[in-house]
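Subject: Structure handover

Hello,

Here is the structure we talked about. My notes on it follow below.

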Amino acid sequence: MVGDVEIAGAKNAALPILAAAAMTDETVYIENIPDVRDVNILLETMRGIGVAVKRNDRHSVMLNAGNVHNLIVEDEGSKKIRGSYYLLGAFLGKYKQTEVVLPGGCDIGCRAIDQHIKGFRALGAEVVIEHGLVKVRAQHLHGEHIYMDRVSVGATINIMMAAALADGMTIIENCAKEPHVVDVANFLNSCGANIKGAGTDVIRIRGVARLHGTEYTIIPDQIEAGTFMFAAAVTKGDVTVKNVIPKHLESVTAKLLEIGCEVEEADDCVRVVASKPPLHTQVRTLPYPGFPTDMQPQITVALALAKGTSIVTESIFENRFKYVDELTRMGAEIRVEGGDTAIIDGVAKYTGASITAPDLRGGAALVIAALAAEGFSTVEDIKYVERGYEDFHIKLQGLGAQIELVETDKDIQKFKLKVG
Ligand code: EPU
């Protein structure tokens, strides 16, 4: 694949920022919202409980949560996504109570919320799980010193949101440092919160009485960017990903260099050139600034074409190798041991096959493998990919990929005739 691709706003920043926008009664204007399924579901959920949501254009939205009439969030959409659980922290802070359906999200392993609960309780809330709802309620929220037993993006953000409107100082130790955690803190600060240290292991939050409206632009999606960078590596391409923050891509860039790609960084874009098959390597997923779990399938798809044996260890989620069976159908030689380690013997090429996306990132990685494969492939259940990638197939077409969204067997036949 060759050419330039524009990266959208970060899904995993947009979800908590939209929820946090409901923490003020004033109007909030947010730009660079990605037009992806999970974000649109959350906006619908928020509309359903009385938040006024106005999409000014595809990527900007105006919200006003001055007339929220329902603090019980249990619509069908919010069960399917993970982001709905950010309404827990947001509304616990603002209204001192809420009930939110236990969150869904991709099936990539056990997705516990014990650290969220631990944090809410430390701030003075009662938390119970009943009839599929997480119910939180506090007479009074107070600052507290909280040590996270496990680095969690979701728990760090949820506790930070509730603490922003608690009395006194909260200190969260061993917190997640992902760029989207920093983005949520910056957003809240632009609404009048007092949060320091986001992006380090320790976040300090001095509670304020209320938040006000703001205008805010969401950071670029580093996982979408990383996916296109690896797409270049897998297809021996030359791709410039634009509208990115190169600093957020350091671990991805480091691994691309290690496997023999050239990577050129400029202020807000990164170019990846791959002219040879990848070199083998080892990688372990880790919290930021380590190599992201959300990039694990994409690097595996590259390493499966490397000369020699590579090892990929998943240390965040227990069940994130489901796509491997599908990749095997395309000729990959990968053994998953103990559920968390993939031992990959590189093959010279993939061959086209009918495969199924098991989840968001695994699905995107399979699409990339299919683009590198000899012959045709069909990837079913592309709805997973649409959860987090805006116009994925259109952006790939822009890079010269022969790819189309199809509904029926007839569409598939037409596509085959068209591309020969
Ligand atoms: N964990 C606990 N207890 C908790 C919270 C988390 O044990 O209370 C565990 C999880 O089971 C997991 C690990 O800690 O093993 C990390 O979980 P984390 O809370 O960091 O993940 P998350 O908030 O559920 C977000 C992203 C994921 C991304 C992870 C890790 C959103 C909506 N989701 O999930 O994104 O993989 O952080 O970076 O922000 C994706 O976009 O494809 C995706 C799955």
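How far does a polar side-chain atom of arginine 361 lie from an oxygen atom of the ligand? The distance is 2.8 Å. The protein covers 94% of the 830 Å² of accessible area that the ligand has on its own (Shrake-Rupley method, 1.4 Å probe).

Before the rest, some conventions. This is a predicted model, in which local features need pLDDT of at least 70, side-chain atom pairs count only at pLDDT 80 or more, and totals for chains, interfaces and linings use all residues. Residues are numbered from 1 along each chain as its sequence is written, and side-chain values use heavy atoms, with hydrogens and water left out.

Ligand

Serine 152 also places a polar side-chain atom 2.6 Å from an oxygen atom of the ligand. For glutamine 115, a backbone N or O atom lies 2.7 Å from a ligand oxygen.

Strands

Strand β14 (residues 238-242) pairs with β16 in the antiparallel sense over five bridges (pairing needs at least two DSSP bridges). Here valine 241 has valine 270 of β16 as its bridge partner. Threonine 240 lies in β14 and counts as buried because its relative accessibility is 13%.

Regards

Note on methods: Helices (H or I, at least four residues) and strands (E, at least two) are DSSP runs, numbered from the N terminus. Buried means under 20% relative accessible area, exposed over 50%, partly exposed in between (1.4 Å probe, protein chains only). A polar contact is a pair of N or O atoms within 3.5 Å; within protein, one must be able to donate a hydrogen and the other to accept it, and residues adjacent in sequence count only if both atoms are side-chain atoms.
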